[in-house]
Amino acid sequence: MTDHVRVGVIGVGTFGLAHLNAYLEMPGVQVTAVADADPQRAARAAEKAGGVPAFADAVDMLDADVVDAVSIVSPGTTHADFATQAAARGVAALVEKPVAVSRAEFGTLREASRLAPIVPAHILRFASPYLGLRRTVGSGQPGDVLAVHAQRHRPRDHQVLFSDVGIPLMTTIHDIDLALWLTGEVPSSVVAVAPVGENGKLGVCLSAVMELANGLSWSFSSSWLLTENERYPGDELTVVLKTGILRVRFDGSDEDVLHQALRRELSHFVDCARRGVPSEIVSLDDAFAGIALAEAITTAATTRTAVPITPEYLTS
Ligand SMILES: NC(=O)c1ccc[n+]([C@@H]2O[C@H](COP(=O)([O-])OP(=O)(O)OC[C@H]3O[C@@H](n4cnc5c(N)ncnc54)[C@H](O)[C@@H]3O)[C@@H](O)[C@H]2O)c1
């Protein structure tokens with residue numbers, strides 16, 4: 001690898017362009033290619049990046065030996081395959097959430113990550129308010145957290161745009177990851193109530209409760225129901241501690257979450273790529289546990305039963 005890390009972006013839609021813009025401003029990084037199944041989008045993004053090669057097929061880009069690292073920002077159903085293919089060619093991958101769309105699909109990633117870093121993109125671990133919350137929670141005693149409550153509502157268009165992935169993996173996954181990261185605990189069972197779509201996915205709204213040892217709980221409320229004219233209510237996370245209540249609320253205009261956290265995340269990824277090491281901030285095991293719990297929400301809502309969570313379920 002030269003002094004500059006050669007970076008490509010796979011999927012230059014709404015969020016892929018945010019990745020691209022952040023890389024274009026980052027010292028030590030050279031954007032050398034983009035890929036998108038939509039050739040016009042690929043061409044526009046390539047132009048923005050200074051006339052770099054544009055690929056309609058991401059694997060052709062990986063085969064062309066023009067990148068050392070890629071952001072994978074294409075639809076969720078493509079993530080695990082592209083990350084595996086990147087690592088197989090020695091290309092480090094930052095993989096947007098969800099890293100895989102099932103526990104089963106995750107299989108190839110662990111093996112592939114021996115060949116090159118595969119870094120799950122859990123952006124909120126890089127956002128100041130959550131970092132502050134984690135410092136406060138971490139300075140307490142184990143067992144201080146009695147409950148975590150999270151609310152996250154997204155626009156109605158997600159019902160069409162992301163119906164193949166579903167709410168738990170697409171939206172609730174942020175809050176599941178925060179609960180895992182903030183508390184260092186894991187649940188023992190999951191119950192959930194939600195309308196189940198014809199494709200077996202939860203695509204409208206959901207309420208889920210996870211039980212931990214000693215009566216502790218996490219609860220999640222997520223929906224894809226906001227209309228265009230509705231004011232975005234903000235994402236809320238409440239941590240109930242023995243000593244008091246901590247609350248973080250974001251509205252859509254939060255500069256830190258939208259821009260600074262993404263820059264910090266990408267620059268951490270580039271550092272991992274340069275050094276050829278996995279992330280010490282968010283591991284594949286962390287991502288796997290989140291996906292397993294998101295999957296358990298769908299199972300609980302579909303079967304209308306409590307789903308037991310064993311340590312093996314969260315790790316293998
Ligand atoms: N971490 C976050 O907070 C956050 C925020 C937004 C989006 N995301 C993730 O980013 C991903 C993209 O979301 P988006 O809102 O930008 O979606 P989008 O639909 O705007 O963009 C997806 C892009 O991928 C392209 N694409 C589709 N199939 C492809 C393929 N096989 N190969 C290459 N490109 C392909 C599409 O043409 C499109 O340009 C999703 O997985 C989403 O979960 C994460």
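Predicted model: local features only at pLDDT ≥ 70, side-chain atom pairs only at ≥ 80, totals over all residues.

User: In what order do the strands of the open sheet of 6 strands lie?

Analyst: Terms come before the case. Helices (H or I, at least four residues) and strands (E, at least two) are DSSP runs, numbered from the N terminus. Two strands pair if DSSP finds at least two bridges between them. Here the order is β3-β2-β1-β4-β5-β6, and the pairing is parallel. β3 (54-55) and β6 (118-121) are the edge strands, each pairing on one side only. Look inside the sheet too: 4 bridges link β1 (residues 5-10) with β4 (residues 69-72) in the parallel sense. Opposite serine 71 in β4 stands valine 9.

User: Which strands does α4 lie across?

Analyst: Two residues are in contact if their C-beta atoms, placed from the backbone, lie within 7 Å. Axes are lines fitted to C-alpha atoms, for helices over the stretch in contact, and angles run from 0 to 180 degrees between N-to-C directions. α4 lies across β1, β4, β5 (92-96) and β6. The helix α4 runs at about 170° to β5.

User: Which residues come nearest to the ligand?

Analyst: A residue is near a molecule if its C-beta atom, placed from the backbone, lies within 6 Å of it. There are 23 residues around the ligand, and Gly11, Gly13, Thr14, Phe15 and Ala37 come nearest. Two elements give two or more residues to the shell: α1 (14-24) and α4 (76-88). α1 gives the most, with 3 residues.

User: How many residues of the shell around the ligand are nonpolar, polar and charged?

Analyst: Ala, Val, Leu, Ile, Met, Phe, Trp, Tyr, Cys and Pro count as nonpolar, Asp, Glu, Lys and Arg as charged, and the others, Gly among them, as polar. The shell has 11 nonpolar, 7 polar and 5 charged residues.

User: In what order do the 7 strands of the open sheet with mixed pairing lie?

Analyst: The order is β12-β11-β7-β10-β9-β8-β13. β12 (244-250) and β13 (307-308) each have a single partner strand, so one side of each is left without a neighbour in the sheet. Now follow some pairs. β7 (residues 145-155) and β11 (residues 235-241) run antiparallel, joined by 6 bridges. In that pair, alanine 150 has leucine 237 of β11 as its bridge partner. β8 (residues 189-193) is antiparallel to β9, with 5 bridges. β9 also pairs with β10 (residues 217-226) in the antiparallel sense, over 7 bridges. There alanine 208 stands opposite phenylalanine 220.

User: Which side chains of β9 are buried?

Analyst: In a regular strand the side chains alternate between the two faces of the sheet. A residue is buried if 20 or more other C-beta atoms lie within 10 Å of its own, exposed if 12 or fewer, and partly exposed in between; C-beta atoms are placed from the backbone. In β9 (residues 205-211), Leu206, Ala208 and Met210 point to one face and are buried.

User: At what angle do α6 and α8 pack?

Analyst: Two packed helices are described by the angle between their axes and the distance between the axes. α6 (residues 128-138) and α8 (residues 167-183) pack at about 35°, with axes 9 Å apart. Tyr130, Leu133, Arg134 and Val137 in α6 meet Leu178, Trp181, Leu182 and Thr183 in α8. That contact holds 6 nonpolar, 1 polar and 1 charged residue. α6 also lies across β7, β11 and β12, at about 165° to β12.

User: Which peptide bond is cis?

Analyst: The bond from lysine 97 to proline 98 is cis, with omega near -5°. Proline 98 is in the loop between β5 and α5 (103-112).

Conventions: Residues numbered from 1 in each chain as written.
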